[in-house]
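Have the sequence and the 3D view ready.

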Amino acid sequence: MPNQMDKVVAKAKGKVAAVQARTKGLRGVFTKLAEQHREAIALLSHLKNVDDLEKRRELWTVIRKALVSHERAEISEVYSALMRYEATRGIASQHALEAGRLETTLEELDLVSFDDVRWEPAFEQLVLSLKGHIAREEEEFFPVGQEVLGDDAVQQLEDAYVRAQRRELARMI
Ligand SMILES: [Fe+2]
């Protein structure tokens, strides 16, 4: 597991992101998602500085599961709701494509050992794709989603999302 300090730092960065998301008008599930985005980025940048291979493996497993369960729960709860509206159907489809690619990248990287020369470029590629995905969500998808779904629905979706992510995590190895 990441040590206590890594977790505290990542959580703090997540909370700052949630506040920033709220000031941009995002609520409920969208602030939760922005919070988790920042936590994941903080843990990923920390991972590169972990030299102990066993610790690196443990942290990588935590991050991989967090990201995969995040995307899957997002699809099942948030983007499925956006799929119901004409205005956001395109966003939901584009998201599904990106999430699929992201999961494949995560799976591929999981198969490369940390001492393999291919690990670092593959890892950098993952971080780049993830940052692009996050930027599209926070700048484009979430604001439109917030507008279409409205405050009440996005508040309710937060609980549904958290439960779905827990179920996904429990299912993963
Ligand atoms: Fe996503």
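A nonpolar core is a set of buried Ala, Val, Leu, Ile, Met, Phe, Trp, Tyr and Cys residues joined through C-beta atoms within 7 Å, and a residue is buried if 20 or more other C-beta atoms, placed from the backbone, lie within 10 Å of its own. This is a predicted model, where local features need pLDDT of at least 70, side-chain atom pairs count only at pLDDT 80 or more, and totals for chains, interfaces and linings use all residues. Residues are numbered from 1 along each chain as its sequence is written.

Start with the largest nonpolar core, which has 20 residues; A21, V29, F30, A34, V78 and L157 touch the most other members. Helices here are DSSP runs (H or I, at least four residues), numbered from the N terminus. Two or more core residues come from each of α1, α2, α3 and α5 (119-171), and α5 gives the most, with six residues. There's also a second, separate core of eight residues, L43, I63, L67 and V68 among them.

Now look at α2 (residues 28-47) and α3 (residues 53-82), which pack at about 160° with axes 10 Å apart. Axes are lines fitted to C-alpha atoms over the stretch in contact, and angles run from 0 to 180 degrees between N-to-C directions. That angle makes α2 roughly antiparallel to α3, a label for angles over 145 degrees.

Finally, α1 (residues 4-23) and α2 have axes that come within 7 Å and cross at roughly 145°.

Key:
Parallel < 35°, antiparallel > 145°, perpendicular 65-115°, else oblique. Buried ≥ 20, exposed ≤ 12 C-beta atoms within 10 Å, placed from the backbone.
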